[in-house]
Amino acid sequence: HAESSLLHQQGREALRPNPASMSEPASKKPRVSDFKSSLGNETGLVNSWNEWDRLEEIIVGTASLAVIPPKEPAFEMKVKESGKLGLLASGGYRTKMSIDKANKQLAHFVELLEGEGVVVRRPDEMDFNVAVKTPDFEVPRMNTSACPRDLLLTLGNEVIEATMSWRSRFFEYRPYRTVLKDYMRRDPCMLWTCAPKPLMTDKLYRSTYPTDYGEDNARLCREHVYLTSEEEPIFDAADIMRFGKDVFCHMGFTTNEFGFEWLKRKCESKGMRAHQMHFPDDMCPFHCDATFVPLRPYLCIENPSRPMEPYEKAIFADNDWKIIKAAQPNTMDMPALSQCSPWLCMNVLSLDSKTIFVEESEKGMIQVFEDQGFECITLPFRDVFEFGGSFHCVTTDIRRQGGMQSYFKQLDANEASGSK
């Protein structure tokens, strides 16, 4: 019994912690992962609040490997013209000549931007002549990565991937993932948000919507009834114009009320305000940057053929904004395979609040800008039109100087007083 008691006592002693070992410092530091080591500290790398502060970094699209988008509800309702739909029915890649010509003009644009000290990033090349099939839809091919503005929206330090509204553009985010991952690794404050991806079932598109520019189409647009239903939230980033603390959203075929509600809540979470814009005379409301464009603080330009609803336009007059009218396009003729209107003459990019990139043939627009004191940087760009847009469409701002600022003092006063 004595031997057993001694062994039991020794066992208890062995289980007691050793004070000396507890006080010893750890001999190894936690391992820093390769990923964590790769993170940078370039705070402010992503920072853009409006359309006019001095531009410092931008993404410019590419026409490489672009295809003619397939017939689908959203595309057919945009084009509508049977002759053009017939031209587009052949499908497949766009011609090598058209791609080369567009890329040449894009390269010239990049050279000018870099000459002004702007850092330019480009998307990865991606083959768009690939069929897409999800559990809800399928299309025989996709579209292009020429127009990053349609997909990516920068609000301060946050880049938002829009939902998109065409099935052929569902995977259009893929060519931008390399550059977005790079921004997130380098800038510890950068936020990267993907808006909810839509299912794009047939319920999203009104099957009875007019397929011509007749009176039924005009009536529905005046009533703010558009091709897409409210089945799920959708918006294209090119429907949104940034005015600092306030963003204005163009409602139409590519952005619905549900999509605006998502955007509005996102803005409110950032201390921002979101507002709708409707253009009742536009029978094909599709993106904002050929309809209503801010140029600098307290100056916008509007399309004279499709003015904003007066009750929505009043917010600008109430807050001392001046709105000038765009000049008529130099020509109403567009490239045969272009899906855009001649009002791409308005689709400009501001280098800063005094300097604008403008298509060189648009003499009327150049005069309008010069009359307002702007310096115009002009260059040929019509070969890019076939791929979906002009200077604003083919870019996405990543960094501009300046921070979030309000340019709508009446709204600030209403907020301060607690009124709407």
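Two strands count as paired if DSSP finds at least two bridges between them, and helices (H or I, at least four residues) and strands (E, at least two) are DSSP runs numbered from the N terminus. You're looking at a predicted model, where local features need pLDDT of at least 70 and side-chain atom pairs count only at pLDDT 80 or more, while totals for chains, interfaces and linings use all residues. Residues are numbered from 1 along each chain as its sequence is written, and side-chain values use heavy atoms, with hydrogens and water left out.

**Stop one: a sheet.** Select β1, β2 and β17: these 3 strands make an open sheet with mixed pairing, in the order β2-β1-β17. The edges are β2 (119–121) and β17 (395–400), each pairing on one side only. Now zoom in on β1 (residues 55–60), which runs parallel to β2 over 3 bridges. There, Ile-58 sits opposite Val-120 in β2.

**Stop two: the cores.** Along with Tyr-183, Leu-180 has the most contacts inside the largest nonpolar core, which has 54 residues. Such a core is a set of buried Ala, Val, Leu, Ile, Met, Phe, Trp, Tyr and Cys residues joined through side-chain atoms within 4.5 Å; buried means under 20% relative accessible area, exposed over 50%, and partly exposed in between (1.4 Å probe, protein chains only). Not counting residues up to four places away in sequence, Leu-180 touches Leu-152, Val-159, Glu-161, Met-190 and Trp-192, a contact being heavy atoms within 4.5 Å. Apart from that core lies another, of 36 residues, including Phe-279 and Trp-343.

**Stop three: Asn-319.** Find the loop between α11 (310–317) and β13 (322–325); Asn-319 is in there. Asn-319 is buried, at 5% relative accessible area. Its side chain reaches the backbone oxygen of Ile-315 at 2.7 Å, a polar contact (a pair of N or O atoms within 3.5 Å; within protein, one must be able to donate a hydrogen and the other to accept it, and residues adjacent in sequence count only if both atoms are side-chain atoms).

**Last stop: cysteines.** The structure holds 0 disulfides, a disulfide being a pair of cysteine sulfur atoms within 2.5 Å. For Cys-340, the nearest cysteine sulfur is that of Cys-393, 6.2 Å away.
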